[in-house]
Amino acid sequence: MEFQSCVNINKEWDIVGARQIGRDFARKIGFGTVDQARIATAISELARNIYLYAGTGKICFETIEEIDHKGICIIAIDNGPGIAEISKVMEDGYSTSGGLGAGLPGVKRLMDDFDIVSEQEKGTEIRAVKWVR
Amino acid sequence: MDRKLKELVVENSDTIVHMWLEEVSKSRQTDYTSTISDELFESTNREFVNVIFASVEKQGITTELDDFSERLVNLGWPLSYLTDGLQAFRRVTIDFILSELDQVDSNYFSQVLQAVDKWVDPIINQLVNEYSGSWEHIVSLQRVALQELSAPLIPVMENITVMPLIGTIDTERAKLIMENLLDGVIKHNAEVVLIDITGVPVVDTMVAHHIIQAAEAVRLIGSTCILVGIRPEIAQTIVNLGIDLGKFPTKSSLRKGFQSALELTNRKIVSTKSNHDDDIEKLVDSLDRE
Amino acid sequence: MRIPILKLHNYLLISIQIDLDDQSAIQFQEDLLSKIHKSGATGVVIDLTSVDIIDSFIAKVLGDVVTMSDLMGAKVVLTGIQPAVAMTLIDLGIHLQDVPTALDLEQGLIKLRQELEE
């Protein structure tokens, strides 16, 4: 699949890089400042998950267009250990790393559509879409 | 073939018009046009059928059709009047053509159907487009108007701002309310915001959830939110639904809320009127003595 | 990158003006706590006017810093959180319930004084 833009996540600083690129990307699509912040924050959460649990991976951005509206699709891909209990990580306050446990359910609330596919020992792919209002 | 049929129809337009008028008038009694005066109905019918014939003759969209449909849209004639009328036209025309012939084979029959469809369909398309275009336009205008109305912010005095909410709150509007609220707090440097829900007809869990979120966001940016205008029935639903509004202050009326807003910003209302009253009393007293 | 911490009478003033990464956030937490320890400050204002993203990690660090400073006897007020940031935090489900906030630095100092007087 062709992505318009990808950022590799290898070290901690890449999290900041990814969200800056994502924010620029969102601005170009035409998102307002509030939604830019939402998107950048969602990217930050996804990138941190990759860094914390998989070590390395990448975040890709795509513009999506439908008849009457545009949006951004953020794809987070890693080849890490995968998620054993998806329903559990989508619960508020569940964390295995001592964080706030707001990450994935938070991303789901920040974005419009959210889809997660994970296979143990193979990796995780998360797609999150936000539409321009 | 097509031309021959057309000539036949145009030559006998009087008969067809007559048949059509009868057909349309038949369905009139019970339907939507029954409130329209007979005169207007007749004259519109005449014009309509002329427009149909004009466009059949010229084979395509005519300026008459444009003008006619635009006028009917503006007058608010129902679209179904036009589609029903055109369907009636299709029926009577086919009936007429077939009655003119002695023998009909199925091949000829389908050719007639096709020819008549070719006359009628473009007109229907044009009219439906015209109508739906005008509806879409109205809907988009109303959406803009609603958005302008949906989250007003009134800076009543220094550091105190009021947001009166009126009407139903859905997710989309809740987001808009939150954005306007927070931007307004920053813009007016408001230490206290009063959200007045007197005009919100129903407060269910969803609405309460949005209001709580807005209040919490207001607290995060460093201001205080007071929820006012809680009517008895809304207090009841809130408690019955088990919604916890305990974390931020609520008041029954805007007036009471405004008072606590003043207290929060270390101010109070001082009446200047009593002094005047005293003066007048003194004046009256002095007059009495004289 | 280190975040400068300024001292004014009994207060410490911090204005965060960089895009915080995790390392700088933790560094900041350590710096602030040791500064409170050394200076004996009773109040801290952290101004976030120029911060345009707070994700769950940064939020946790900020929330922790407030609790930790409290333990050390210094009240913390967060000021200037941007509307977009506030909405994002709410969406994330982070309410920073026990953290005092104020509109700007000035209001923050007033709030600190009020709280310390009480």
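User: Which residues in α3(B) meet residues in α4(B)?

Analyst: Keeping in mind that this is a predicted model, the residues on the α3(B) side are B:E47, B:V51, B:A54 and B:S55, and they meet B:E64, B:L65 and B:F68 in α4(B). Sorted by class, this contact of α3(B) with α4(B) has four nonpolar, one polar and two charged residues.

User: And at what angle do the axes of those two helices cross?

Analyst: The axis of α3(B), which covers residues 38-58, and the axis of α4(B), which covers residues 63-75, cross at roughly 150° and come within 9 Å. Because angles over 145 degrees count as roughly antiparallel, α3(B) is described as roughly antiparallel to α4(B). The crossing of these two helices is left-handed.

User: OK, stepping back, how many helices and strands are there in chain B?

Analyst: Chain B has eleven helices and five strands. Of its 290 residues, 26% are buried, and among the contacts in chain B with a separation of 6 or more, 74% are between residues 24 or more positions apart.

User: In what order do the strands of chain B form their sheet?

Analyst: The five strands form an open sheet in the order β1-β2-β3-β4-β5, with mixed pairing. At the edges stand β1(B), residues 154-157, and β5(B), residues 250-251, and each has a single partner strand, so one side of each is left without a neighbour in the sheet.

User: How many bridges are there between β3(B) and β4(B)?

Analyst: There are five, and they join β3(B), residues 192-199, to β4(B), residues 224-228, in the parallel sense. As one example of the pairing, B:V192 has B:T224 in β4(B) as its bridge partner.

User: Which strands does helix α7(B) touch?

Analyst: Helix α7(B), residues 171-188, packs on the sheet and touches β1(B), β2(B) and β3(B), with a direction that makes about 165° with that of β2(B). Helix α8(B), residues 205-220, also packs on the sheet, where it touches β3(B) and β4(B), and its direction makes about 150° with that of β4(B).

User: Switching to chain C, what is the strand order there?

Analyst: In chain C, five strands form an open sheet in the order β1-β2-β3-β4-β5, and the pairing is mixed. The edge strands are β1(C), residues 5-8, and β5(C), residues 101-102, and since each has a single partner strand, one side of each is left without a neighbour in the sheet.

User: Why is β4(C) described as largely enclosed?

Analyst: Four of the five residues of β4(C) are buried, so this strand is largely enclosed by the rest of the structure. On the β3(C) side, β4(C) pairs in the parallel sense over five bridges, and C:V44 stands opposite C:V76 in β4(C). Two bridges join β4(C) to β5(C), again running parallel, and C:T79 stands opposite C:A102 in β5(C).

User: Which helix lies across β3(C) and β4(C)?

Analyst: That is helix α2(C), residues 56-71, which runs at about 150° to β4(C). Helix α4(C), residues 105-117, packs on the sheet too, touching β2(C), β3(C), β4(C) and β5(C), and its direction makes about 155° with that of β4(C).

User: Last one: how many residues of chain A are in contact with chain C?

Analyst: On the chain A side there are 24 residues, in contact with 20 residues of chain C. The elements giving two or more residues to this side of chain A are α1(A), α2(A) and α4(A), and the largest share, nine residues, comes from α2(A). By class, this side of chain A divides into ten nonpolar, seven polar and seven charged residues.

Terms used
Residues numbered from 1 in each chain as written. Chains lettered and ligands numbered in written order. Predicted model: local features only at pLDDT ≥ 70, side-chain atom pairs only at ≥ 80, totals over all residues. Axes fitted to C-alpha atoms, helices over the stretch in contact; angles between N-to-C directions. Parallel < 35°, antiparallel > 145°, perpendicular 65-115°, else oblique. Left-handed = near helix turned anticlockwise from the far one by under 90°. Contact = placed C-beta atoms within 7 Å. Nonpolar A, V, L, I, M, F, W, Y, C, P; charged D, E, K, R; others polar. Buried ≥ 20, exposed ≤ 12 C-beta atoms within 10 Å, placed from the backbone. Pairing = 2+ DSSP bridges.
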